[in-house]
Amino acid sequence: MRADTEKAMNLNALLRRAVELGASDIHLKVDRPPMVRHDGEITALDDAPLTDDDLLSALREVTASAPQKLDQFEASGD
């Protein structure tokens with residue numbers, strides 16, 4: 001969990017940054033900062049390491065229009 005002084009990850013802002021950087025994809029993993037792939041090379045952004053809450057929030061955001069996908073993920077972990 002983040003300290004009160006740290007902000008939660010903003011998925012839309014992260015995706016905008018990735019586009020601005022010319023990244024082809026992003027990688028999100030607990031306890032690591034967001035990573036972007038650019039020209040085949042993966043580099044970390046200068047963000048705080050992600051928390052379980054960050055990733056759960058992002059997952060809920062991307063499955064909002066298809067809640068069954070979240071249910072599938074929670075059932076299978078995949």
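Me: How do you know that strand 1 and strand 2 pair?
Reply: Two strands count as paired if DSSP finds at least two bridges between them. Strand 1 and strand 2 are joined by 3 bridges and run antiparallel, so they pass that test. One of the bridges sets I26 against V36 in strand 2. A word on the source: this is a predicted model, where local features need pLDDT of at least 70, side-chain atom pairs count only at pLDDT 80 or more, and totals for chains, interfaces and linings use all residues. Residues are numbered from 1 along each chain as its sequence is written, and side-chain values use heavy atoms, with hydrogens and water left out.

Me: What makes strand 2 and strand 3 partners too?
Reply: Strand 2 (residues 35-38) and strand 3 run antiparallel and are joined by 4 bridges. V36 has T43 as its bridge partner in strand 3, and R37 stands opposite I42. These two strands form a hairpin with 2 residues between them, and D39 in the turn has a positive phi of about 50°.

Me: Why are strand 1 and strand 3 called edge strands?
Reply: The open sheet has 3 strands in the order 1-2-3, with antiparallel pairing. Strand 1 (25-27) and strand 3 (41-44) each pair on one side only. Neighbouring strands are turned by 30° against each other on average, direction ignored; the axes behind such angles are lines fitted to C-alpha atoms, and angles run from 0 to 180 degrees between N-to-C directions.

Me: Why is D54 called buried?
Reply: Buried means under 20% relative accessible area, exposed over 50%, and partly exposed in between (1.4 Å probe, protein chains only). D54 has a relative accessible area of 4%, so it is buried. This residue is found in helix 2, and its side chain reaches the backbone nitrogen of T51 at 2.9 Å.

Me: And why does T63 count as buried?
Reply: Its relative accessibility is 9%, so T63 is buried as well. T63 is found in the loop between helix 2 and helix 3 (67-76). Leaving aside neighbours within four places in sequence, T63 is in contact with K69 and L70.

Me: What makes a set of residues a nonpolar core?
Reply: Such a core is a set of buried Ala, Val, Leu, Ile, Met, Phe, Trp, Tyr and Cys residues joined through side-chain atoms within 4.5 Å. The largest one has 9 residues in all: M9, L11, L14, A18, A23, V36, L45, L50 and A58. Helix 1 gives the largest share of this core, 3 residues.

Note on methods:
Contact = heavy atoms within 4.5 Å. Polar contact = N/O pair within 3.5 Å; in protein donor to acceptor, adjacent residues only side chain to side chain.
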